[in-house]
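Visitor: I am new to this one. Please show me how to read it.

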Amino acid sequence: MAVTAFVIPPLLLCVMLALGRYEERMLGGADPEPAAEPARERHLRAVPDLPAHKPERSTAPREDRHAA
């Protein structure tokens with residue numbers, strides 16, 4: 001008796017879902033899913049880090065700044 005309670009409801013659910021999909025396909029209500037593009041292989045390569053760039057500071061006063 002317990003087997004019936006745990007087996008029949010999931011089977012009925014599967015049947016209802018299958019009938020719904022069949023109806024959509026026959027009536028053309030939903031567009032079919034487009035075919036997925038084939039997976040492209042990725043070509044990864046190691047890129048060296050850029051060297052740290054420290055700008056050189058000049059000790060001369062900048063002429064483009066104005067005194068506040």
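Guide: Start with the surface. The accessible surface of the protein is about 8,200 Å², and 60% of it belongs to carbon and sulfur atoms. Such areas come from the Shrake-Rupley method with a 1.4 Å probe; for residues, only the protein chains shown count as cover. This is a predicted model: local features need pLDDT of at least 70, side-chain atom pairs count only at pLDDT 80 or more, and totals for chains, interfaces and linings use all residues. Residues are numbered from 1 along each chain as its sequence is written, and side-chain values use heavy atoms, with hydrogens and water left out.

Visitor: Is V7 buried, partly exposed or exposed?

Guide: Buried means under 20% relative accessible area, exposed over 50%, partly exposed in between (1.4 Å probe, protein chains only). V7 has 38% relative accessibility, so V7 counts as partly exposed. V7 lies in helix α1, residues 2-27. Of the protein's 68 residues, 0% count as buried.

Visitor: What follows α1?

Guide: G28 does, with a positive phi near 70 degrees.

Definitions and conventions: Helix = DSSP H or I, 4+ residues; strand = E, 2+ residues; numbered from the N terminus.
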